[in-house]
Amino acid sequence: MSSAPLSSLDSIPDPHADPQADPIDRDPWHPHRATITRIDRELDTPTSSVFTLELRLEPSPYADAYRFSPGQFNMLLLPGSGEVAISHSGPPIDRALGTASPGVVESGTFESCTFLHTIRAVGRVTNALEKLRVGDGLGVRGPYGTSWPMQQLIGQDVLLLSGGLGMAPLRPVVYAIGSRRDDFGRVDLLYGSRSPETILYAAELDAWKRADIGVETIVDHAQDPLVENSPCKPTWTGPVGNVTHLLNRRSSLLDYPDFRPERTQVLLCGPEIMMHRCAQSARKLGIPASSIWLSMERNMQCGVGYCGHCQWGPLFLCKDGPVVPYDLAETLLEIKDL
Ligand SMILES: Cc1cc2nc3c(=O)[nH]c(=O)nc-3n(C[C@H](O)[C@H](O)[C@H](O)COP(=O)(O)OP(=O)(O)OC[C@H]3O[C@@H](n4cnc5c(N)ncnc54)[C@H](O)[C@@H]3O)c2cc1C
Ligand code: FES
């Protein structure tokens, strides 16, 4: 977590501060070449196209030193199309084995030059990224931004609340917790999706349950209303509603006798309205504002605090966020269209 939440001119890094430094390292706009080593189709519905790229940085001092913390993002550059901010969406991949290697170091960061990004194709750059194939290259700058407060989660109960693609930036947290499960108290993931067919990483949810992570899913609609003659059979037997509903159930001592708001940390990622409502519900349940964390999204261009595109009130979300504590975000969330 960045220790200085507010932006100021003083905190903007000076690329010329160290004349001895490698010019590449001094230039925050310098992208580093990465190769696509694997592509997984995550969702392929008529309304949602989501895929995961496994990227390997080409050998370089940057690649050797690359490490990231859950919650951080990279700027992915596709020359001719543009650049987009995309969160880390998984554990690092073991270079030799090509498999997930949690490898969380003491500080709560992952070390690896091979990592995952889950992307929804929505526009110019993401549609172009979707057309890439294994072996193709792209540029990477990062990792940028604040991370989930991994150190603060140790010894605590953890509630992960995710809506839609918000599951992607939370997935590295699930892996990090899973790799050191005994260090945490009760851990639950409450995951809301538009319909059963848009549940992301559905194949992994059972494995997470086996790793002693409680998983509850809820859908807005048992059948996708955006799809005419939806192929989704109405076989959903789970709850229908929004994720706030799953959270509010914690108020029942009968159903959740061991729910302890004073020692629960809440991590929220999803549409802004969902995070706002969940944070309000969490407060009503007695969870302190300082124990609630949100991942905020705004249009990003430079990613390093220069351009101001990501400004949200006094915050530059590329460096003061995306992960923001609710005690800082609460008043900003009340301001319409900020
Ligand atoms: C910190 C941060 C982390 C992010 N992490 C991820 C991630 O892990 N995976 C991911 O897929 N995206 C992520 N995003 C969002 C991603 O950056 C945007 O979707 C992307 O910039 C869109 O670029 P484009 O050129 O493809 O679309 P554009 O051409 O810029 O937009 C096309 C249309 O899509 C709409 N649109 C743009 N973004 C979204 C969106 N997120 N959802 C729905 N509609 C949208 C626009 O309003 C516009 O109408 C993140 C954004 C931020 C700020
Ligand atoms: S994206 Fe440029 S200041 Fe944040």
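Biologist: How many residues surround ligand 1, and which are the closest?

Modeller: A residue is counted as near a molecule if its C-beta atom, placed from the backbone, lies within 6 Å of it. By that rule 21 residues surround ligand 1, the closest being Val84, Ser87, Gly123, Val125 and Thr126. The elements giving two or more residues to this shell are strand E5 (82–87), strand E7 (114–120) and helix H3 (124–130), where helices (H or I, at least four residues) and strands (E, at least two) are DSSP runs numbered from the N terminus. The largest share, five residues, comes from E5. By type, the shell divides into 11 nonpolar, six polar and four charged residues.

Biologist: What pLDDT does the chain have on average?

Modeller: pLDDT is the predictor's confidence in each residue, from 0 to 100. The mean for the chain is 85, and 83% of its residues reach 70 or more. Over residues 94–99, however, the pLDDT is below 50, and this stretch has five contacts in the model beyond near neighbours in sequence, a contact being two residues whose C-beta atoms, placed from the backbone, lie within 7 Å. Where pLDDT is low, the predicted coordinates should not be read in detail.

Biologist: Which residues of helix H8 are buried?

Modeller: A residue is buried if 20 or more other C-beta atoms lie within 10 Å of its own, exposed if 12 or fewer, and partly exposed in between, with C-beta atoms placed from the backbone. In H8, the buried residues are Met274, Met275, Cys278, Ala279, Ser281 and Ala282. They cover an arc of only 165° around the axis, which puts them on the same side of H8; the arc is that of the directions from the helix axis to the C-beta atoms. On the other side of H8, Ile273 and Lys284 are exposed. The elements that cover the buried residues of H8 include strand E9 (157–163), strand E13 (292–295) and helix H9 (326–334).

Biologist: Where do the buried residues of H9 pack?

Modeller: Tyr326, Ala329 and Leu333 are buried in H9, and because they cover an arc of only 65° around the axis, they lie on the same side of H9. These buried residues pack against H8, E13 and strand E16 (323–325), whereas Thr331 and Glu334 are exposed on the other side of H9.

Biologist: How many of the residues of H5 are buried?

Modeller: In helix H5 (residues 167–179), 12 of the 13 residues are buried, so it is largely enclosed by the rest of the structure. Among the buried residues are Met167, Arg171, Tyr175 and Gly178. The expected span of a helix is 1.5 Å times one less than its number of residues, and H5 reaches 18 Å from its first C-alpha to its last, close to the 18 Å expected.

Biologist: Is Tyr306 buried, partly exposed or exposed?

Modeller: Tyr306 sits in the loop between E13 and strand E14 (311–312), and with 16 other C-beta atoms within 10 Å, Tyr306 is partly exposed.

Terms used
Residues are numbered from 1 along each chain as its sequence is written. Chains are lettered from A and ligands numbered from 1 in the order in which they are written. This is a predicted model: local features need pLDDT of at least 70, side-chain atom pairs count only at pLDDT 80 or more; totals for chains, interfaces and linings use all residues. Ala, Val, Leu, Ile, Met, Phe, Trp, Tyr, Cys and Pro count as nonpolar, Asp, Glu, Lys and Arg as charged, and the others, Gly among them, as polar.
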